[in-house]
Protein chains: 2
Amino acid sequence: MASGHRTGPYLCGIDAAMDVVGGKWKALILWELHNHGVRRFGELRRGLPGVSEKVLIQQLRELEEDDIVHREVYREVPPKVEYSLTEHGTALNAALEPLALWGARRSERIGAELIPH
Amino acid sequence: MASGHRTGPYLCGIDAAMDVVGGKWKALILWELHNHGVRRFGELRRGLPGVSEKVLIQQLRELEEDDIVHREVYREVPPKVEYSLTEHGTALNAALEPLALWGARRSERIGAELIPH
DNA sequence: TCCCTTGCTTACCTCAAGGTAGGTACCTCA
DNA sequence: TGAGGTACCTACCTTGAGGTAAGCAAGGGA
């Protein structure tokens, strides 16, 4: 338990997908890893303005549990940890791309600010 | 204000899309409307086991504000209100389909229960 | 000797999304 | 007369996701 997941059956595929990618920063983490391939913890933190360390770690752990991201620890001092997408993570990201496109077009349509990456 | 939206710029397209479809039941509402074309309020309620009337109305209003669903009121007694997808709602739903597929495959992979529709 | 670095952990707190429970108007049917 | 159905509204409360701030290990550099 305490794995941050819903209880009970899913109502449909979107329901199940949202259970994985629904955290406030998770989709952005995927995006960041997709764009850079491999990222250290601190790099991710700096790449996601506004996220706190606690929450970032929390969501990374949950994504790791769900086999979406891979965590590679280098036993050095100071410590070095690298995060990357797994096979499933890559597939998830691909599945998110049409949604990202729709979102980008929408923010353009309504004139919302959209920070370029 | 009080329109249930984030403040500040979006970090990317997914961020913007999640702001629209991120409510607990919103994606399921879209799914339901996509599958049935047009649904009355009570039909939606019965189709989304567990949702409360208050929250369902809330999310429908927000989706209406965002031009995702259309609300048609028939001035009869007893009242009759029909909800359907707008053009943008249809596009959003199409953008969600790869994600739905991924979610369905994932719940199959991990052996999660998935209620058939 | 002290501070700096990185990648965490822990305790505590806030706030808003969501849930619960009641009420409303209006008409129909029994 | 009154129960039932529809599509809401309103006040209140709970819960948990997320935010804040502090501490820690272990070595390197000044």
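A polar contact is a pair of N or O atoms within 3.5 Å; within protein, one must be able to donate a hydrogen and the other to accept it, and residues adjacent in sequence count only if both atoms are side-chain atoms. Across the interface of chain A and chain B, 6 residue pairs are in polar contact, both residues at pLDDT 80 or more.

## About the model

This is a predicted model, in which local features need pLDDT of at least 70, side-chain atom pairs count only at pLDDT 80 or more, and totals for chains, interfaces and linings use all residues. Residues are numbered from 1 along each chain as its sequence is written, chains are lettered from A and ligands numbered from 1 in the order in which they are written, and side-chain values use heavy atoms, leaving out hydrogens and water.

## Where the two chains meet

Let's look at the contact (heavy atoms within 4.5 Å). Chain A gives 38 residues and chain B gives 38 residues.

There are 2 salt bridges between the chains, a salt bridge being a side-chain nitrogen of Lys or Arg within 4 Å of a carboxyl oxygen of Asp or Glu. One pairs B:Asp66 with A:Arg106, whose closest N and O atoms are 3.8 Å apart.
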